[in-house]
Amino acid sequence: MDFKINRESLSLNDIVYDGIQEQSVELDYVMPDYYPDIFKLVKCMLCPSVVSHSVSGDKLTYELLVKIKIMYCAEESNSINCVDQRMTFTKTVDFGAPCENADITFNTAVDYVNCRAVNQRRLDVRGAVSIKIRANCEKKEEVICDAFGGNIQLRKENVSAVGTRLCRERTFDVDEDVDISYSKPAINSIIRADAVNTAIDRKIIANKLITKGEAKVNFLYLGGEDNTPESMEFTLPYSQVIDIDGLDESYDCDVSAKIVCCEVTPHENDDGEMRTVSCKLVVSVKCRAFCVKNIQLVTDAYSTTNDCICNIKETTLETAVTRLCDTSLVTLEALCENDEIDKVFDVWANVKKCSIVKDEESKNVKAVGTLIAYVAVCTDDGKPAIIEAEKNFEMAFDAGDSVSVRDCCAEIVSVSYSISNTNSVEIKAEVKACVYASKVCRKHTVTDINLDTETVKKSEGYALKMYFAEEGEELWDIAKRYSTSVEAIIEENELDTENDGARMLLIPIVS
């Protein structure tokens, strides 16, 4: 007796790692001779970012870049001097299992930073950063969709589920020179620089993803003879072609981009003045693509003639993957405690932390994070200062029932300010948060059918049996109990549908 089972392969999301790595930052820095002596520290900031990563088997390797920026004033001077240092760390995470089609997200945060002047020429920095890592990997699940031979009877259910998934991330550099207008002073040094992604378009050609985007760059510099802080903003376009084998228009494709790192370096123009900046961006474009297939899922089975044992388990199937995004305006106040504010030079902000909270009662998903904002000011006595403020925020998303949250991210879209009184600044930051979620369903699926092809069931010795079906009793359960088929019961009793009302039935015995 020939007996054959047909199987389908489905793709499931498997979170193999969700944890936090910590990295200490220690710097003992002796300043070069061209820096003036330290008299007063203005601000010390750490800016961490994961600039590259790779997955090999069950191990994740990533490179952490921490930019250290120390601002200080010399004696009898209100001009800011800026010390820039970079530290890189290579870290490895063991997943404990191989990770296919890895989708890795990183969220970096500064835990603390302390800076002190050991003497007029030496700085000591101590700090720590944390890296929250979430690794989503692909897990293949085989399900039975059909079987033939052995008078097998199958109970099937039509379902839609993710059959294949593709995840590719490409990190690349964008370099461009930008000239400073002659209406602004020439550059002496850069205090800070950052960039945000403002737009991204994509186009799919067989096995290739073509992306085009724009990044808005903003930087603060010291210029002129008196080292006056000045801010500047410009936009850089970029494009990239990513090879993704198997990608075509049948996939539901989500493309996102983020600016991993921004470096702005001044240099002389043709006139010999520092009026040109070389801007280097490290851009990461991620493509998540999913192909949903419609299949018939076998949820139960038996044979009318042979002994049959089914292995059944509850399986969680992904039916769709979606990205939910929204923006929110976060208002916070930065206070200059000991002095009055004369002028604001610049304001910027970043998201310190972002995590996911699911409300089981309302079924809402929340992106919860912390926003930190900085304001570069000049006080009424002419001294520079950088003040900061911090505020928690949350954004709720109606994800509906049966949703499994994958990860989330948040970024700053824009920042504005107003001087609310003599010693405080009101900051308004527009924050965009996105939550990646999978819609799931749980089904009892047959994972294997063991049919005894050598032994035939003993005949009951009759062709029909009279049976009173109780209300709610399904024909499948009755047919399985008496080793017959649902179709035979329907035909014998001339039923239009498998109604579940109480009724008398004739049960034909199928040989």
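**View 1. Helices and strands of the chain.** Helices and strands here are DSSP runs, numbered from the N terminus. With that in mind, let's take a first look at this predicted model. The chain has two helices and 20 strands.

**View 2. The outline of the whole chain.** How far does the C-alpha trace of the chain span along its principal axes? The answer is about 110 × 45 × 40 Å. Another way to describe the outline is the radius of gyration, which is 32 Å for this chain. A compact globule of 511 residues would come out near 24 Å instead.

View 3. Of the 511 residues in the chain, 47% count as buried; here, buried means under 20% relative accessible area. The chain exposes about 25,100 Å², and 43% of this area is supplied by carbon and sulfur atoms. Contacts tell us about links along the sequence too: among those between residues at least 6 apart, 78% join residues at least 24 apart.

**View 4. The largest cavity.** The structure holds two cavities of 30 Å³ or more, and this view goes to the largest, with a volume of about 60 Å³. Which residues line the largest cavity? Look for Asn13, Asn101, Asp103, Asn136, Cys137, Glu138, Arg165, Leu166, Cys167, Arg288, Phe290 and Arg406. Four strands each supply at least two residues of this lining: β5 (100-119), β6 (122-148), β7 (152-179) and β12 (276-303). Sorted by class, the lining of the largest cavity has five charged, four nonpolar and three polar residues. Among the charged ones you can find Asp103 and Glu138, as well as Arg165, Arg288 and Arg406.

**View 5. The second largest cavity.** About 50 Å³ of space lies in the second largest cavity. Its lining is made of Ile80, Ile191, Leu220, Pro229, Phe345, Ala376, Val377, Pro384, Ala385 and Ile386. Which element gives the most? That is β16, with three residues. How do the lining residues of the second largest cavity divide by class? There are ten nonpolar residues, no polar ones and no charged ones. For the largest cavity, by contrast, the lining includes five charged residues.

Methods:
Residues are numbered from 1 along each chain as its sequence is written. This is a predicted model: local features need pLDDT of at least 70, side-chain atom pairs count only at pLDDT 80 or more; totals for chains, interfaces and linings use all residues. Side-chain values use heavy atoms; hydrogens and water are left out. On a 1 Å grid over the protein atoms alone, a cavity is a set of points where a 1.4 Å probe fits but cannot get out, and a pocket is an open set with protein on both sides within 12 Å along at least five of seven lines; lining residues have an atom within 4 Å of a point. Grid points are joined across faces, edges and corners, and a volume is the space filled by probe spheres set on the points. The radius of gyration is taken over C-alpha atoms; the globule rule is 2.2 Å times the number of residues to the power 0.38. Buried means under 20% relative accessible area, exposed over 50%, partly exposed in between (1.4 Å probe, protein chains only). Contact means heavy atoms within 4.5 Å. Accessible areas come from the Shrake-Rupley method with a 1.4 Å probe; for residues, only the protein chains shown count as cover.
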